[in-house]
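This report describes selected features of one protein chain. The sequence and the structure are shown first, and the description follows.

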Amino acid sequence: MDSHEPKVDRFARVPDALRQRLIGDVPLEQVIAVAPFDLSEEGHYISGYLALREGQLGSFLKSDGHWEGHWIPIPEKSEAIMFEGLGMGTLRLIDETSMLGEWRFTRRHEKEVAELHRQLEKQLKVAEAEAFDRKGPKPDEKKTKCDKCGKAIPDWSEVCPSCLSRRKVLSRLMDFVKPYKYRAMVGFGLSIFLTLLGLLPPFLTKFMVNDGLGAARGGHGDYRLLLKLVGLWAGVMVLSAVLGGVRQRLMAALGSRMARDIRDTTYTHLHKLSLSFYAKKPTGSLITRITSDSDRIWDFIAWTLLEAVNSFVLIGGVAGFLFLLNWRLALIVLIPVPLMLAVTIFFHNRMHFYFHRIFHRWSQMTSVVSDAIPGVRVIKAFAQERREVDRFSSKNDHVYRGEMDMITLWTLFGPVLDLSTQVGAIVVWILGGYWVIDGRYAMDVGTLIAFTGLMWRFYDPIHNIAHMDRQFNRAATSVQRIFDVLDTPPAVFSKAGAVKTDGFRGDIELRNATFSYDGVRRVLRNVSVKINAGEMIGLAGPSGGGKTTLINLICRFYDVLEGQILIDGIDVRDYDMHDLRRQIGVVLQEPFLFYGTVADNIAYGNPDATREDVIRAARAANAHDFVVGFPDGYDSMVGERGQTLSGGERQRISIARAILHNPKILVLDEATSSVDTESEKLIQDAIMRLVNNRTTIAIAHRLSTLQRADRLIVLDKGEMVEQGSHAELAKKEGGIYAKLLGMQMEMQSFIAVGG
């Protein structure tokens, strides 16, 4: 433990009155950590402190100027869990059966509470990862502290830059090489052969100069021998060119296949992830991983990795030839290598930091574009084009400044590395030239020329490897970002042996269902209700009451935090997830249409539907009349996200899509909010025909549209507060539903008078 560490700084911010209170309980040196907390369970500001000692956790609150509190014994089998919420956090201490205490704090105290949590975890001898697995934040929540080294993870990074191992990250990439291992072996084999073949010309130079030109014979050359050697050199060049083309095609195709597989795998996994993952990830960041990150991996496999192998083979081969020609000069050539290595390591650490930051800024810039283009109608409606341009320019400027920082470092790296190699070249010419002139160590002109040629072939691959650090950093970061997605498990999934929906009826029951999006604020609290198969239920209540959340849980977009949701007496978590969702038709509050024809969008949930089925569904949703008015009818293109259609038209097509899906459970989340009064009546009439043998749950913006529901459920602040028919709740004095209905009637009267 840390009981022997100085306590001066630890208690610097602790109020004197609390310090005296602690001294009255225990010797101050026994207190391992203290941390403030400042939020009550209701979210009100308070003044509180936690104090940790061996085996006990103290909780103290300031009341009327006095500090009151108690010490909680810490059982051996207990866990300390720290939640990260929206602008706040929560620390919980739980044992095997109950929660021993819960403390909430704003972000300004996060560091101190985290330190106390770390010390508490040391006491419990439970790894932080195990604690978070059971009750902590979801796997897709961003950590602010590295589990391995304890350093803070920068906002621009999703992994700890200090602990990112390029070797481990890139070795995982080799899993995608396995299906093409024979192609890869041929490509790398050719690469090694070509590298060794490239060593022959400098070696031939020695004989061309000494024997062909006669430098070693007092000027008596042999022209025929020279031609033979030149011919051999030409043959090597032709063979290298042919095999080089074959090698490049093999490796480029390998990189392209791998990039395709990575894109497929990543995109497939994205569709397995839960909505909670997408709620925390910017769209631009995910698009970047599918596109530019996979392209960087292709470039790395096709060129960088190949060049790295070539360089290492070349270094080994050339070193052997250098020592064969003259081992003394070979040792001279090695002198700059330690300096070059030190320079490379220094610049690598800085470059690694810059690349992570640049990729983060690229994602931010892409997110601006992905937000603005779909929302261009809103931008123009509010005349905010200049604002969006400025927003993009700001992010673009951040990318530029980040790139300039990297360029400054990179352009400094090259000259420093070049200067290091020039030192070796100068020494070789000084000593080698002296030995040739003086006749020492059997050094001749041909050997010196061959040696200098090989010397640059030795330095060049070292330069290449050093400069490849940029490509390795880019590839490692891209691979890490992709594996961040692939390593994220879905929060909602089908368990082994999941139940199929054979004989599905549509009975729904909620038993004390409780849910929270952030692990702190509960948006549903102990909701219990039973919905019979074929019954139409209306959900009503103030905004933020939990209506849409309840629907999300029934569709199993999320899982309950506590309690159960059963359909036909079976917990929804026991069903096969995809099989369950095929039995549920959903019309969301904001209709979303895919780029394609009207018919394709209506048949999206049932691709095998005939044109007659599509038309029948469109008629039921009151969409047929306006669709046939289009020049191409059901083959008309709706544009990206249906931007060529009005809001009401998009909503009716989405309703037709749900109808054609023919579900046992129909969910209408504000389904009629985007249509006019006349269309709403027709749609409601169509829905009433469709509810036969189908469980329907409807949220309506206008409460009058819920009059035909068999039963209404009113939610307020996450709790079910009223239940009954429209007539019953409308007459309930002081009831929330009656109040909301009265407010809407007053508003409609005001609008009518104003009109």
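## The sheet with β11 and β12

Strand β11 (residues 562-567) and β12 run antiparallel and are joined by two bridges. Strands are DSSP runs of E of at least two residues, helices are runs of H or I of at least four residues, and both are numbered from the N terminus. Two strands count as paired if DSSP finds at least two bridges between them. The bridge partner of L566 is D571 in β12. This is a predicted model, in which local features need pLDDT of at least 70 and side-chain atom pairs count only at pLDDT 80 or more, while totals for chains, interfaces and linings use all residues. Residues are numbered from 1 along each chain as its sequence is written, and side-chain values use heavy atoms, with hydrogens and water left out.

β11 and β12 belong to an open sheet of four strands, ordered β9-β8-β11-β12 with antiparallel pairing. Its edge strands, β9 (522-531) and β12 (570-571), each pair on one side only. Helix α15 (residues 547-554) packs on this sheet and touches β8 (508-516), β9 and β11; contact means heavy atoms within 4.5 Å. The direction of α15 makes about 65° with that of β9.

## The β3-β4 hairpin

Strand β3 (residues 56-63) pairs with strand β4 (residues 66-73) over eight bridges in the antiparallel sense. L57 stands opposite I72 in β4. The two strands form a hairpin with two residues between them, and D64 in the turn has a positive phi of about 55°.

## Packing of α5 and α7

The axes of helix α5 (residues 181-197) and helix α7 (residues 223-270) come within 9 Å and cross at roughly 150°. Axes are lines fitted to C-alpha atoms, for helices over the stretch in contact, and angles run from 0 to 180 degrees between N-to-C directions. The two helices are therefore roughly antiparallel to each other, a term used for angles over 145 degrees.

Residues of α5 in the contact include F188 and F193, and those of α7 include L243 and M251. By class, the contact has 15 nonpolar, four polar and three charged residues. Here Ala, Val, Leu, Ile, Met, Phe, Trp, Tyr, Cys and Pro count as nonpolar, Asp, Glu, Lys and Arg as charged, and the others, Gly among them, as polar.

## The chain as a whole

The chain has 23 helices and 17 strands. Of its 755 residues, 48% are buried, meaning under 20% relative accessible area with a 1.4 Å probe, protein chains only.

Key. Parallel < 35°, antiparallel > 145°, perpendicular 65-115°, else oblique. Buried < 20%, exposed > 50% of the residue type's maximum accessible area, 1.4 Å probe, protein only.
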